[in-house]
Amino acid sequence: MIYNMDCIKGAQQYLEDESADLIVADPPYNLGFGGTTQTKTKKPRFNIIANDKLSDREFQRFTFSWLREAYRVLKTGRHIYVCIDWRMYPLMVLWMKKVGFTIKNCIVWDKEQMGMGWQYRYRHEFIILASKGKQKVRRISTRKATDVWRIPRISGNKTIHPTEKPASLLEPMILNSSEEGEHVVDFFVGSGPAYQAAVQHKREFTGFEIDPYHFENAVNRLK
Ligand SMILES: C[S@@+](CC[C@H](N)C(=O)[O-])C[C@H]1O[C@@H](n2cnc3c(N)ncnc32)[C@H](O)[C@@H]1O
């Protein structure tokens, strides 16, 4: 099930305490991003992502609000994965710890191809892995997985969302941190890669996306 609504209100309305076996979140990074400007018109291909151009104080308040909801709905001993880039990484780790999460690792997503950036071109992002509670934390299903994931990004002209992640990036999170039939929650569905991976691997799914355009794309992806 995915809802076209704010994730904080949505979680309060639809999700019970300790009802999620796994949470994935690719939140706004507060970079005011609307996609690459390397277009013929030099204009970004998309509108700026909702909640991606807030004051520092507003962004902190917004992030704390959804993190508190995420903490409430996650089952004790289970995982949350939060995508972030190098600029916001220190704050996100701090804020996640403050709401109660235990940081377990920082996965580096090597996108294989370079993106923007002029003081070295960007090719990686971080994914923070944390748990609720310190005791009896679920093990990662495979002993062979490392914390560097080499998975090609979707090239700029093929994306349907300004910060689209490939479904193949969500797959290891879902396969390694949940079982068939378990409940995966995505606070920021975007174009729906986690939705796709969860349904393909027979997980129950609840997701929230505030922007009607991205919500439609996520619904259509599953069609
Ligand atoms: C970084 S993007 C996620 C992109 C997604 N992983 C994908 O591959 O398409 C963040 C998404 O969160 C949505 N969003 C922002 N604030 C939100 C809120 N309060 N509740 C739900 N969705 C929100 C934005 O519209 C945007 O689509």
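**A first walk through a predicted model**

Residues are numbered from 1 along each chain as its sequence is written, and side-chain values use heavy atoms, with hydrogens and water left out.

So where is I80? I80 sits in strand 3, residues 74-84; helices (H or I, at least four residues) and strands (E, at least two) are DSSP runs, numbered from the N terminus. Leaving out residues up to four places away in sequence, I80 touches I23, A70, L74, M96, F101, I128, L129 and A130, with contact meaning heavy atoms within 4.5 Å. L22 is 58 residues away from I80 in sequence, yet their C-alpha atoms are 6.0 Å apart in space.

H79 is in strand 3 too. H79 is buried because its relative accessible area is 2%. Its side chain makes a polar contact of 2.8 Å with the side chain of S177. A polar contact here is a pair of N or O atoms within 3.5 Å; within protein, one must be able to donate a hydrogen and the other to accept it, and residues adjacent in sequence count only if both atoms are side-chain atoms.

Now for the core. The largest nonpolar core has 60 residues, and W66 and F187 have the most contacts inside it. Such a core is a set of buried Ala, Val, Leu, Ile, Met, Phe, Trp, Tyr and Cys residues joined through side-chain atoms within 4.5 Å. Helix 2, residues 56-73, gives the most to this core, with 7 residues. Among the residues that F187 touches are C7, I23, W66 and F208.

On to the ligand. Which residues come nearest to the ligand? Of the 25 around it, they are D6, D26, K165, S191 and E209, where a residue is near if one of its heavy atoms lies within 4 Å. A backbone N or O atom of C7 is 2.8 Å from a ligand nitrogen, and a polar side-chain atom of D26 is 2.7 Å from a ligand nitrogen. On the oxygen side, an N or O atom in the side chain of S191 lies 2.7 Å from a ligand oxygen. The protein covers 98% of the 600 Å² of accessible area that the ligand has on its own, by the Shrake-Rupley method with a 1.4 Å probe.

Helix 5 comes next. Within helix 5, residues 193-200, the buried residues are P193, A194, Y195, A197 and A198. Their cover includes strand 1, strand 2, helix 4, strand 7, strand 8 and helix 6. Just after helix 5, K202 takes a positive phi of about 60 degrees.

Let me finish with N4, in the loop between strand 1 and helix 1. Is N4 buried or partly exposed? N4 is partly exposed, because its relative accessible area is 36%. The N4 side chain reaches the backbone oxygen of E209 at 2.9 Å and that of I210 at 3.3 Å.

Conventions. Predicted model: local features only at pLDDT ≥ 70, side-chain atom pairs only at ≥ 80, totals over all residues. Buried < 20%, exposed > 50% of the residue type's maximum accessible area, 1.4 Å probe, protein only.
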